[in-house]
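Open the model in your viewer and keep the sequence panel beside it. The stops below say what to select and what is there.

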Amino acid sequence: MPELPSIYRAWFRVVERIAPAGVRDEFRREWEAETWSYRTRMETWNRVSRADHLRLAGRLAGAAADASWLRINHWREGILRDVVCGIRQIRRYPASSMLAVLALALGLGVNAALFSGVYALLWAAPPVPEPERVAALFTSDYSGPAYGNSSLPDVEELQKQTRTLSHVSGYMTSGEAVEVAGQIARVEVVLSTPEYFDTLRLTPVAGSVYRPGNEAGAVVSHRFWEQQFAGQYSAIGSAVKINGVAVPVIGVAPRGFEGTSIEMRGAIWMPLSWSYRTHPGLRENLARRDSRGLSVVARLAPGASFEQAASEMKVLAAAFHKEHPQSWSTRTGAGRLLTVVPAMKAQFDPSERGNVEAIASASFAFTGLLLILVCLNLAHLLLARTISRRGEFAVRRSLGAGEGRLTRQLFIENLLLAALGTAAGLLLASAATPAIAQVLAVVAQIPAPELSLNTPAFLFTAGLGILAAILAGIAPALHTGRIDLLTSLRQSANESGMSRQRTGARGYLVAAEVGLSAVLLVAAFLLTDSLARQQSASLGWDTQKQVVARLDLSDVAAQDRAAVPALIEKAVTAAASMPGVEQVALASTVPVAHRLSRRGYQVEGYQYQPGEERGIHILAISPGYLKTVRIPLLRGRDFNSRDTTTSPRVAIVNQEFARRYWKGEDPVGRKLGFPGAVPDITVVGTVADTKFLSVTQSPLPLVYLPFAQSPTWSPVIHVRVHGNVVEHRELLASQLDSVLPRGSVLPARLLSELVGERLDGARLASALTAAFGLLAVLLASLGVYGVMSFAVGQSTREIGLRIALGATRKEVTSMVLARATRLIGTGMLFGLVGAAVAAKQLSPFLYQVRPANPIFYLGAVVVLTAVGLIAAWIPARRAARLDPQAALRTL
Amino acid sequence: MPTSLTIPSALILDAILSGRCHGFDIMDATGLPSGTVYPALRRMEKEGWIVSRWEDERISLQEQRPARRYYAITAEGEAALAEARRRYRVLQHAGIVNPKAQHGGSNA
């Protein structure tokens with residue numbers, strides 16, 4: 001039998017290397033036999049063409065595919081086996097597996113929830129086609145800040161002149177009591193120029209949208225459609241009543257779309273042509289070039305970039321300034337600016353963005369550290385398991401399992417744990433996301449985004465889970481690689497030695513854990529203290545025992561403005577007639593729930609610096625308001641019933657106002673005025689500073705005006721009561737309803753509740769940080785316990801020998817504790833340095849807390865040492881109680 | 001496990017059923033490339049649709065050639081093929097012989 005030519009044999013020898021070792025021989029024999037027969041057969045043919053040779057070559061090339069298939073199948077089967085094996089391992093160590101899954105779930109869950117919140121605030125795109133080409137456009141303010149509103153005449157001129165923007169649309173929101181089939185719903189209505197939907201390229205899910213030339217009515221949000229119309233298509237063609245005007249519904253916006261900014265969400269969109277009917281006076285107001293009430297959204301023209309748009313806006317702004325110097329100058333005389341920002345980065349006031357980013361990265365640093373701690377603990381746990389399975393691995397290696405094979409098995413076991421942990425973490429995250437979003441919003445002082453766990457967060461978490469599995473698997477894998485066959489087989493039967501070398505890798509892990517825990521603990525101490533101080537900090541006014549209700553008399557005003565004051569008076573009388581009422585007062589708003597409005601004033605004897613903010617916060621109040629909410633009057637008088645529309649204009653200012661504008665001198669008798677007019681508002685009193693927006697804010701200069709001289713159609717009625725404030729809430733609502741037109745009283749609330757909502761985020765943040773700190777301590781102590789427990793378990797023989805040779809139980813205990821102290825001490829040393837660095841980074845977020853205060857560091861040392869020693873003491877006691885005879889028998 | 005047959009696998013089973021019983025022979029009969037035929041054979045053997053055995057050394061020595069690996073269809077394989085025939089109409093014309101295999105034919 002002639003041999004197969006060596007070229008073929010060489011080929012098969014190369015290819016067989018691809019196939020797994022166990023089947024290589026059969027693989028080669030089969031291919032060689034087939035090739036041999038085929039070649040022999042070819043020799044019998046009369047003519048062997050080139051194509052025949054090529055066909056044979058093709059078939060031989062297929063051997064590589066065959067070998068690859070064998071290899072892949074081998075892997076697949078191996079992995080399947082490893083998965084089964086991994087599940088068995090998880091069940092074999094249920095307690096430690098559960099611990100690992102729980103720790104991972106906490107670490108991942110917190111990160112996922114945070115990511116969800118940060119993603120929605122900073123990176124999410126509005127749900128419109130090509131969102132990256134949608135822009136927000138701003139006109140700079142008179143006093144400087146770039147991100148101000150624009151006027152309708154400017155928007156219309158922009159639409160005509162711009163080449164880099166294909167669509168420009170102006171819009172504003174207005175809170176309305178909207179009547180749908182007899183039911184009143186309080187929603188935000190967006191009043192926009194007709195290009196709004198074309199700009200965003202939104203197609204309705206039902207009906208149509210308005211556009212230039214076809215402004216038949218209003219578009220409702222998907223949510224509003226579901227809530228008010230039960231998702232019925234009959235909604236199209238029906239009407240919503242806004243300020244008494246029936247506006248036909250022409251379409252439903254896509255699900256999830258509620259605007260391009262979280263600050264201006266809408267439930268109903270209405271073209272300006274309809275808004276002029278529902279909002280009398282709006283047309284005249286918007287027609288003025290110096291009346292800047294519109295937000296602007298635009299879309300880049302095809303081929304245009306944001307850079308091109310920015311430079312065009314520069315040119316256009318200069319042209320506007322030249323053409324309309326009156327309305328386009330800033331207070332320094334220079335022209336205003338037009339700023340174009342990607343809409344994705346203008347979900348909230350872009351000047352707040354840096355602040356939100358800083359808070360987000362600080363939070364990520366915190367949760368990231370926590371995750372690292374979790375990984376260390378996991379690594380630890382896995383390493384311990386690997387070591388206890390050293391015997392098993394050694395046997396398997398001696399039976400021919402490669403190092404790679406064992407590493408892979410460990411890795412798959414980790415992945416399984418990670419998968420379980422990730423699943424649990426996602427569950428946790430979906431519950432925690434709304435809370436975290438609220439915390440972020442409160443800390444950053446922006447409106448809370450409404451959100452749930454999103455897809456990017458899901459992917460982020462899954463990725464993080466795998467990363468955690470890899471990180472946690474490194475130490476055990478390295479260890480398996482080092483398993484020495486003979487010694488391991490021998491050692492698995494009788495362990496010995498509590499030497500540094502033995503606990504080496506685990507020792508480092510514990511030191512690292514203690515260090516990280518110290519960092520987290522100090523940070524948690526600092527933040528918790530700061531938040532506690534915030535909560536106990538005095539707001540400067542009293543929120544207890546008060547019921548508030550906002551009235552909305554704009555419908556009445558639309559028909560007969562003169563009727564409003566009498567109605568308000570009637571409401572006040574009705575409220576005061578309730579039993580148990582101490583005091584009733586009116587204010588233009590509840591300062592916690594809404595931002596205060598601002599007005600530009602000139603202050604007698606004060607020269608504004610170039611670029612200085614001219615807007616001063618104002619609050620219109622009735623006589624008795626100060627008493628009702630307990631703001632102390634420091635000098636002068638409160639407003640009284642003689643301060644009317646016909647009497648001289650008066651004001652009360654707070655201390656901060658006097659400090660800022662009058663160098664702290666007595667303000668009573670001084671004057672304020674509208675810009676350009678002779679100051680004619682006389683200050684009649686000074687009150688103490690108060691905090692409205694948050695307790696951390698520094699006091700703002702504030703001007704109180706008499707309600708009678710600065711009336712509004714939607715005042716808030718404050719009622720201070722004796723006795724049960726909750727009962728009065730119900731009573732007030734019915735009392736007001738009985739004297740006012742239907743739909744003009746908004747639900748009555750407890751003032752303390754309203755303020756509490758504002759502070760809830762802070763409370764939540766405080767609870768969360770405290771929980772993080774606790775978790776860190778728990779994880780670190782678990783680590784210490786695990787290591788010491790293993791070390792003791794493995795040095796059973798050594799300890800037994802020592803006891804047999806006369807070592808007292810006390811000596812054994814202190815030997816174990818000394819080792820633990822060394823580990824804890826090393827970690828702590830690094831940890832405290834890290835904590836000092838971290839504390840410095842945290843200082844912008846701290847309220848009245850000195851980051852270098854040694855008490856926090858001392859606290860961390862005490863807590864960690866105590867917990868660590870207790871964790872080590874349990875195994876130490878076990879060691880001391882060893883029966884030397886039994887221990888030595890394990891020899 | 002009721003995994004369904006792909007068309008190439010069904011063609012290969014069909015070839016084995018009609019007496020083509022080793023690798024290159026099956027390629028000749030079906031016209032499929034070796035990179036398809038071999039992995040399919042491996043997979044079907046794993047599924048239990050075919051079995052393989054090595055040729056008796058005595059026979060191969062007698063015939064002056066190296067021993068071959070022969071494939072035979074199992075009862076499960078026949079059931080799977082019958083099922084595939086119901087699904088793929090192309091397979092209903094049994095006894096497929098690749099017209100391109102000019103020098104084809106069994107020499108086993």
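## First stop: a loop residue in chain A

Select A:Thr164, which lies in the loop between helix H5 (152-161) and strand S2 of chain A. Helices and strands here are DSSP runs numbered from the N terminus, helices being H or I of at least four residues and strands E of at least two. This is a predicted model, in which local features need pLDDT of at least 70 and side-chain atom pairs count only at pLDDT 80 or more, while totals for chains, interfaces and linings use all residues. Residues are numbered from 1 along each chain as its sequence is written, and chains are lettered from A and ligands numbered from 1 in the order in which they are written.

Is A:Thr164 buried or exposed? A:Thr164 counts as buried, because it has 21 C-beta neighbours inside 10 Å. The cut-offs are 20 or more other C-beta atoms within 10 Å for buried, 12 or fewer for exposed, and anything in between for partly exposed, with C-beta atoms placed from the backbone.

A:Thr164 and A:Pro302 are 138 residues apart along the chain, yet their C-alpha atoms are separated by 8.1 Å. Leaving out residues up to four places away in sequence, A:Thr164 touches A:Leu300, A:Ala301, A:Ala304, A:Gln308, A:Ala309 and A:Glu312. Contact means that the C-beta atoms of two residues, placed from the backbone, lie within 7 Å.

## Along strand S2 of chain A

Select residues 165-180 of chain A, strand S2, together with residues 295-300, strand S9; the two pair in the antiparallel sense over 6 bridges. Strands count as paired if DSSP finds at least two bridges between them. For one bridge, look at A:His167, whose partner in S9(A) is A:Arg299.

Next, show strand S3, residues 183-192 of chain A. S2(A) and S3(A) also run antiparallel, paired over 10 bridges, and A:Met172 has A:Leu191 of S3(A) as its bridge partner. The hairpin of S2(A) and S3(A) has 2 residues between the strands, and in it A:Ala181 takes a positive phi near 45 degrees.

Which strand is joined to S2(A) by 2 bridges? That strand is S6(A), and the pair runs antiparallel. Here A:Glu179 stands opposite A:Lys241 of S6(A).

## Two positive phi angles

Move to A:Asn243, in the loop between strand S6 (239-242) and strand S7 (245-252) of chain A. A:Asn243 is not a glycine, but has a positive phi of about 50 degrees. With 22 other C-beta atoms within 10 Å, A:Asn243 is buried.

Then select A:Arg201, in the loop between helix H6 (196-200) and strand S4 (206-207) of chain A. Phi of A:Arg201 is near 55 degrees, again a positive value in a residue other than glycine. A:Arg201 is partly exposed, with 15 other C-beta atoms within 10 Å.

## Helix H24 of chain A

Select residues 796-804 of chain A, helix H24, and colour its buried residues: A:Thr796, A:Ile799, A:Gly800 and A:Ile803. They cover an arc of only 100 degrees around the axis, so they sit on the same side of H24(A). The arc is taken from the directions from the helix axis to the C-beta atoms. Just after H24(A), A:Gly806 takes a positive phi of about 110 degrees.

Zoom out to the whole chain. Chain A has 27 helices and 22 strands, and buried residues make up 42% of its 891 residues.

## Chain B

Switch to chain B, which has 5 helices and 2 strands in the order α-α-α-β-α-β-α along the sequence. Of its 108 residues, 34% are buried.

Select helix H1 (residues 7-17) and helix H3 (residues 34-47) of chain B: they pack at an angle of about 80 degrees, with axes 10 Å apart. H1(B) and H3(B) are therefore roughly perpendicular to each other. B:Pro8, B:Ser9 and B:Ile12 of H1(B) meet B:Thr36, B:Val37, B:Ala40, B:Leu41 and B:Met44 of H3(B).

Axes are lines fitted to C-alpha atoms, for helices over the stretch in contact, and angles between N-to-C directions run from 0 to 180 degrees. Under 35 degrees is roughly parallel, over 145 roughly antiparallel, 65 to 115 roughly perpendicular and the rest oblique.

## Where the chains meet

Finally, show both chains: 18 residues of chain B are in contact with 20 residues of chain A. On the chain B side, helix H2 (23-30) and H3 are the elements that give two or more residues. H3(B) supplies the largest share, 5 residues.
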